[in-house]
Amino acid sequence: MASATIDTSALRHNLSLVRARAQGSRVMAVVKANAYGHGLVPVARALAEADAFAVARVEEGVALRRAGIAQPIVVLEGVFDADQRDAAAEFRFDLVVHSAEQIDLLRGAAPASFKVWLKIDTGMNRLGFEAGDAAAARAALGALDAVRGPVHSFTHLASADEPGSTATAAQLARFEAATRGLPGERSIANSAALLNVPAARADWVRPGLLLYGASPMRGAVGADHGLRPAMTLRSQVIAVKQIAPGARVGYGGAWTARRATTLAIAAIGYGDGYPRSVGTDAAVRLRGRRLPLAGRVSMDMLAIDATDLEPVVRVGEPVVLWGPGLPVEVVAATAGAIPYELLCGISQRVAVEGG
Ligand SMILES: Cc1ncc(COP(=O)(O)O)c(C=O)c1O
């Protein structure tokens, strides 16, 4: 019932906008987590103009290769055992290397197996070598037969969505100090950095969210940056009910009708990935109008106050939960979440179409 329709022309539009913002940089399109819920392989096919794809896990890259995707594929978290390393070599993946254990693993690989990105932890304190240890890690990698070409340099920004952040400036300075004058390519910028931190563009940018048409900036939506949402999440009305003033709706009776009310019950709920945490403040789109929810979201359904629709709402009418005209960023904000969570959180029950 619930479906997510993917607009491939929006994906391509968003990629061209990224290119215009980062002229001179190559684009590593981030398609991990099932392309943020949009469908890994269809999105990679739609983004055929990307210079490379980035995934988090080896299995995601294998799925891309098996579907015939030929561009470079970068594994952002690298490999964790010999099987993954061998699969990465077989499928010609580029590897991020962020730990001494990963350097050790690469010793067992055939000569010239991998293009390697050395991940330097410049302040995120998650993955990567401390800036002070980067030179030694680089030397160790450079001495390995398995590594092809120079060692490339990579870091990730923690606060790129805060314009003017001093933490970002400090991260850039550490990265610059750790890589100055060294051969190899550099990559720093995610979506927020693409928007806010021109100095982070470097040789390769790594947009995820922007490609899907959403904004990483609090209070902003993709359209503010000229982007188009790629996903429309929709379902349909499966029941219509008239209730009297004073009647309470849904679990806990959390919503009370103040007037004679027409409820439209739509077949989508948190079992599909629509967040229950929107409470009773969210809106959906029906006939192009924003209508409020009535009561809590349940697993398979939600209730809409459709009293103001004329003529009266009918079973079978489509309902849009997010997409053009109702940005996922707005729904996420209502839920106390970020658009990433909602897009990635679409459940297996939702048919992803198009793309
Ligand atoms: C290392 C790395 N680079 C780039 C991205 C893309 O981030 P965004 O979707 O904010 O552009 C991610 C995603 O979390 C990431 O982990």
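**Largest pocket.** I started with the lining of the largest pocket in this predicted model. It counts 43 residues, and Tyr36, His156, Asn190, Ile338 and Tyr340 lie nearest the centre. My terms came from a 1 Å grid over the protein atoms alone: a pocket is an open set of points with protein on both sides within 12 Å along at least five of seven lines, a cavity is a set where a 1.4 Å probe fits but cannot get out, and lining residues have an atom within 4 Å of a point.

I noted the volume as about 1,100 Å³. Volume here is the space filled by probe spheres set on the points, with grid points joined across faces, edges and corners.

Next I looked up which elements contribute. α2 (32-36), α9 (191-196), α10 (328-334) and α11 (339-344) each give at least two lining residues. Helices are DSSP runs of H or I with at least four residues, strands are E runs of at least two, and both are numbered from the N terminus. Domain 1 (8-212) and domain 2 (231-354) each supply at least three residues to this lining; the bounds come from an automatic or database domain assignment.

By class I have 25 nonpolar, 7 polar and 11 charged residues. Ala, Val, Leu, Ile, Met, Phe, Trp, Tyr, Cys and Pro count as nonpolar, Asp, Glu, Lys and Arg as charged, and the others, Gly among them, as polar.

**Ligand.** I then checked polar contacts, pairs of N or O atoms within 3.5 Å. A polar side-chain atom of Lys32 sits 2.7 Å from a ligand oxygen. For Tyr340, the distance from a polar side-chain atom to a ligand oxygen is 2.6 Å. Arg206 places a side-chain N or O atom 2.9 Å from a ligand nitrogen. On its own the ligand has 400 Å² of accessible area, and the protein covers 89% of that; the areas come from the Shrake-Rupley method with a 1.4 Å probe.

**Second largest pocket.** I read a volume of about 210 Å³. Its lining has 16 residues, with Val249, Gly250, Leu263, Ile265 and Ala303 nearest the centre. β11 (231-243), β12 (248-249), β14 (261-266) and β17 (302-305) each give two or more of them. The classes are 10 nonpolar, 3 polar and 3 charged.

**Cavity.** I found 1 cavity of 30 Å³ or more. The largest cavity has a volume of about 50 Å³. Its lining includes His38, Tyr212, Met231, Trp322 and Leu343. I count 7 nonpolar and 3 polar residues there, and no charged ones.

**Backbone.** Glu310 and Pro311 are joined by a cis peptide bond, omega about -5°. I placed Pro311 in the loop between β17 and β18 (318-322). Asn34, not a glycine, has a positive phi of about 55°. I located Asn34 in helix α2.

**Ground rules.** Residues are numbered from 1 along each chain as its sequence is written, and side-chain values use heavy atoms, with hydrogens and water left out. Local features need pLDDT of at least 70 and side-chain atom pairs count only at pLDDT 80 or more, while totals for chains, interfaces and linings use all residues.

Note on methods
Polar contact = N/O pair within 3.5 Å; in protein donor to acceptor, adjacent residues only side chain to side chain.
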